[in-house]
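Let's take a walk through this model together, from the overall outline down to single residues.

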Amino acid sequence: MKLSVGIVGLPNVGKSTLFNALLKRQVADVASYPFSTIEPNIGMVEVPDERLGVLAKLVEPKKIVPAVVRFVDIAGLVKGASQGEGLGNQFLSHIREVNAIAHVVRFFEDPNVSHVSGRVDAALDIAIIKTELILADLQTLDKQVQPKGKVSHQDEVRWRSTEKLKESLNNGHTARYTLLEPEERIAIEDLHLLTNKPTIYVFNISTNQLTSGAFDAESIRTDLRLKSRAVSLCGQLEAEVAEKPKEEQKELFSHHGLRESGLETLIHVAYETLGLVSFFTVGPDEVRAWTIQRGTIAKEAAGAIHTDFVKGFIKAEVCDYEAFLKAGSWKKAKELGLLRFEGKEYQVRDGDIIEFCVHT
């Protein structure tokens with residue numbers, strides 16, 4: 001399972017700078033004027049996971065394969081985007097394709113970087129994006145036709161969901177936080193409503209705001225009455241550090257009082273927001289992390305490796321991560337009785353090391 005995150009926000013809030021730092025290379029066109037990004041830039045970024053390196057030291061595989069996140073740098077939305085203003089619906093359509101939204105909000109002051117509203121105002125910026133996404137969703141909902149005649153239960157549920165959502169969105173609420181029954185929410189999944197996607201707010205701050213220690217993302221999130229999680233980072237610092245050798249990066253972030261980069265925090269929060277976990281496979285050829293939804297059963301988790309494994313699933317041989325570290329190898333873990341066999345209904349846990357037994 002690949003995690004896909006769309007980076008959105010008003011023009012000149014630091015989206016492309018953030019994207020470039022994520023890729024650790026200049027891919028997006030960074031400019032200090034609106035609409036410098038004409039097509040969505042897409043990049044695959046490794047998910048930071050120290051456990052991979054630890055396992056690799058024990059197993060000494062030929063290669064290490066981390067889990068990845070697909071980031072999409074979407075051009076800046078503006079007021080009226082849902083009606084075609086700026087670059088309009090072209091970019092709203094790109095948002096529909098991602099699993100989650102990283103909404104970059106500008107908090108830094110810089111006279112050399114223009115702001116579409118003429119001033120830095122986080123509350124206004126957030127409101128503009130929220131309104132445009134709601135309006136786009138209302139357009140989608142307005143296209144739904146009320147079923148006539150003999151109506152199936154499924155059609156009835158879908159129409160009921162549509163009506164509830166239209167009322168809620170017209171009152172300024174998002175689809176994600178509209179009260180729906182489980183079957184009602186399932187019924188509208190295929191509409192891919194923009195405001196139904198999990199959102200992470202990324203507060204882009206200045207170096208001074210970072211080093212002063214006075215900027216508290218959680219307090220600001222509360223003040224702005226945001227229901228979704230928020231992280232703060234300094235896009236300028238992230239971009240500068242990304243150009244340095246890896247051995248220097250940790251030291252530079254530590255100098256600013258950070259245990260990890262803001263980008264690493266963002267990826268971890270994205271994982272948590274979407275309810276994702278990683279399990280591992282180990283061997284002489286590779287040590288690899290696989291991404292699955294929390295609560296995924298062993299039979300379905302096997303499908304992350306190969307779809308044929310679902311049909312041919314027999315059992316899973318599992319070792320806890322900590323137990324594997326104590327053993328030092330799969331063979332030793334087996335000798336010490338640290339391995340256990342699990343059936344198809346076993347819920348795979350984060351950090352599980354698994355070897356699947358399947359019919360070939």
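What percentage of the 360 residues in the chain do buried residues make up? They make up 49%, where buried means under 20% relative accessible area, exposed over 50%, and partly exposed in between (1.4 Å probe, protein chains only). Before going further, please keep in mind that this is a predicted model, in which local features need pLDDT of at least 70, side-chain atom pairs count only at pLDDT 80 or more, and totals for chains, interfaces and linings use all residues. Residues are numbered from 1 along each chain as its sequence is written, and side-chain values use heavy atoms, with hydrogens and water left out.

Now for the outline. The chain holds 15 helices and twelve strands; helices (H or I, at least four residues) and strands (E, at least two) are DSSP runs, numbered from the N terminus. Its C-alpha trace spans about 65 × 65 × 35 Å along the principal axes. A compact globule with 360 residues would have a radius of gyration near 21 Å, and the 23 Å of this chain agrees with that. That radius is taken over C-alpha atoms, and the globule rule is 2.2 Å times the number of residues to the power 0.38.

Next, look inside. In soluble globular proteins, nonpolar side chains tend to be buried together. Here the largest nonpolar core has 57 residues, and Leu-3, Val-5 and Phe-71 are among those with the most contacts inside it. Such a core is a set of buried Ala, Val, Leu, Ile, Met, Phe, Trp, Tyr and Cys residues joined through side-chain atoms within 4.5 Å. Helix 11 (residues 262–273) gives the most to this core, with six residues. Another core, of 17 residues, lies apart from it and includes Val-105 and Cys-234. Leaving aside neighbours within four places in sequence, Leu-3 touches several residues, including Val-68, Ala-270 and Leu-276.

Finally, visit two loops. Asn-12 sits between strand 1 (3–8) and helix 1 (15–23), while Glu-60 sits between helix 2 (50–59) and strand 3 (63–65). Neither is a glycine, yet phi is positive in both: near 65 degrees for Asn-12 and about 55 degrees for Glu-60. Asn-12 is buried, with a relative accessible area of 10%, whereas Glu-60 is exposed, at 64%.

How values were computed
Contact means heavy atoms within 4.5 Å.
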